[in-house]
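Welcome! Please take a look at the sequence and the 3D view below, and then we can walk through some features together.

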Amino acid sequence: MRPQTTIACVTDNASNMDIAVRESGLHPHIKCLAHVVNLASKRGLAVSRVARLLGRVRRITTFFHKSTTATAVLTNKQTQLELPRHKLITDVQTRWNSTYDMLARYLEQQAAVSAALSCPGIRRNAREIDTLDNSDISDVEDIVKLLKPLKTATTVVCDEKEPTVSLIIPLKFMIEQSMSPDENDTQTIANMKSAILLDISDRYSGDCNDMLQECTALDPQFRSLSHLNDEQRESVYARIREKASALHEQRNQTSDIDERTTRASASISGAAAEQARVMVEAAQGAEQSQEEPVEGERQMQDVTQPPPPKKTALEDLLGSSYTTVVETVQSSRGIEMEILSYRNGIPIPLNSSPLEWWKVNAYAYPILAPLAKAYLCIPATSVPSERVFSTAGDIVSAQRSLITSEHVDMLVF
């Protein structure tokens with residue numbers, strides 16, 4: 001019953017990844033949340049009006065990066081206007097949230113940028129650069145405000161020490177709520193919201209959504225499932241009840257098999273020791289009498305084949321049926337009581353660790369705890385593993401071709 005789940009970044013060949021996961025039996029395929037959010041934000045930034053604004057801001061920031069004279073003038077204007085002496089940021093296609101950072105920094109330094117570009121010496125070299133008017137600035141402010149929840153979601157899953165899979169549904173719900181239409185939205189923002197919502201709403205559907213809802217319910221931070229209605233909550237906990245019971249039964253069967261194996265091994269070990277003792281005695285007796293080995297063999301046969309324990313007549317007739325029924329009823333009542341107690345509990349603070357909570361409270365929920373541990377060990381993002389590969393790529397390069405594998409391990413890990 002341990003969920004066989006993969007997590008991988010969302011790339012252009014996502015359909016091929018889905019096919020590979022399905023054919024390998026690793027289902028469902030839970031995509032990296034950080035990549036999903038990044039793709040949704042790109043859809044919003046592809047809106048024509050937004051793309052034109054980004055192009056104009058990008059030309060301004062690139063101009064100041066390339067011109068030392070313009071940078072010096074900008075620094076002087078920042079001092080005069082008592083603004084932070086921050087450099088302008090140019091977004092990078094492969095760096096998440098860099099577009100948000102570029103627009104936010106431009107808004108911060110907008111007065112200094114306009115003052116610097118209005119200087120005659122700078123203006124002559126920046127003829128192709130158009131400054132943003134009040135309408136453009138208003139749109140940029142709205143875009144930054146709209147992108148902030150996406151940046152927050154990405155930051156949460158990338159910076160958290162334990163970004164478990166239970167974070168996906170709450171963060172996705174938060175993004176969908178922030179992208180809901182508003183009558184006060186401008187046409188640009190309305191188009192952005194529509195594009196982002198259309199992209200992200202199709203993610204994590206079907207069996208994947210069912211599993212993620214169960215993971216969210218097993219996180220004591222989100223056990224109330226406030227994003228669902230009553231019928232949906234009952235459906236989620238019904239699936240958890242069924243899976244937890246099946247996992248509990250499977251663990252009991254495995255435990256019984258292990259116990260029987262251990263007992264058999266102990267019996268065989270004891271019989272082997274007794275057999276060795278008898279063989280030694282038989283060898284010693286052989287020096288005195290040639291007939292003793294027969295008696296020794298008889299003793300070894302008696303030791304290696306102990307009589308099986310006898311069952312009572314009632315156990316022999318009814319044990320296999322009624323013992324199983326009693327155990328099933330007790331297990332069913334146990335899971336019902338555990339789920340009821342768990343659902344009535346108070347959600348833990350959002351800065352708490354769900355894994356630590358289950359570690360401390362596993363004794364109170366012996367049936368639910370194994371399922372929670374099996375689910376919550378799945379990460380919500382593939383960013384940590386990708387960082388390892390990026391670090392390795394920076395270290396192992398053509399310029400360091402003679403580096404030893406031991407030194408690579410020391411630097412990477």
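## Two helices side by side

Before we start, a word on how angles are taken: axes are lines fitted to C-alpha atoms, for helices over the stretch in contact, and angles run from 0 to 180 degrees between N-to-C directions. The model you are looking at is predicted.

With that in hand, turn to helix H8 (residues 134-159) and helix H9 (residues 168-178), which pack at an angle of about 175° with their axes 9 Å apart. Angles over 145 degrees count as roughly antiparallel, so H8 is roughly antiparallel to H9. On the H8 side, the contact is made by Leu146, Pro149, Leu150, Ala153, Val156 and Val157, and on the H9 side by Leu171, Met174, Ile175 and Ser178.

## A second pair

Now find helix H4 (residues 68-80) and helix H6 (residues 110-117). Their axes are 9 Å apart, and the packing angle is about 130°. Because of that angle, H4 is oblique to H6. The crossing of these two helices, H4 and H6, is right-handed.

Which residues meet here? From H4 come Val73, Leu74, Lys77 and Gln78, and they meet Ala112, Val113, Ala115 and Ala116 in H6.

Helix H2 covers residues 33-45, which makes 13 residues. From its first C-alpha to its last, H2 reaches 18 Å, close to the 18 Å expected at 1.5 Å a residue.

Is H2 mostly covered or mostly open? H2 is mostly covered, with 10 of its 13 residues buried. Among the buried residues of H2 are Leu33, His35, Val36, Asn38 and Gly44.

Gly44 also leads us to another part of the chain. Asn191 sits in helix H10 (residues 187-201). While Gly44 is buried, Asn191 counts as partly exposed because its relative accessibility is 33%.

## The whole chain

Stepping back, the protein chain holds 18 helices and 2 strands. Of its 413 residues, 37% are buried. The accessible surface of the chain comes to about 24,900 Å², and carbon and sulfur atoms account for 53% of that surface.

How much of the contact pattern joins residues at least 24 apart? Among contacts between residues at least 6 apart in sequence, the share is 73%.

Definitions and conventions. Residues are numbered from 1 along each chain as its sequence is written. This is a predicted model: local features need pLDDT of at least 70, side-chain atom pairs count only at pLDDT 80 or more; totals for chains, interfaces and linings use all residues. Side-chain values use heavy atoms; hydrogens and water are left out. Helices (H or I, at least four residues) and strands (E, at least two) are DSSP runs, numbered from the N terminus. The expected span of a helix is 1.5 Å times one less than its number of residues. Buried means under 20% relative accessible area, exposed over 50%, partly exposed in between (1.4 Å probe, protein chains only). Contact means heavy atoms within 4.5 Å. Accessible areas come from the Shrake-Rupley method with a 1.4 Å probe; for residues, only the protein chains shown count as cover. Angles under 35 degrees count as roughly parallel, over 145 as roughly antiparallel, 65 to 115 as roughly perpendicular and the rest as oblique. A crossing is left-handed if the near helix is turned anticlockwise from the far one by less than a right angle, and right-handed if clockwise.
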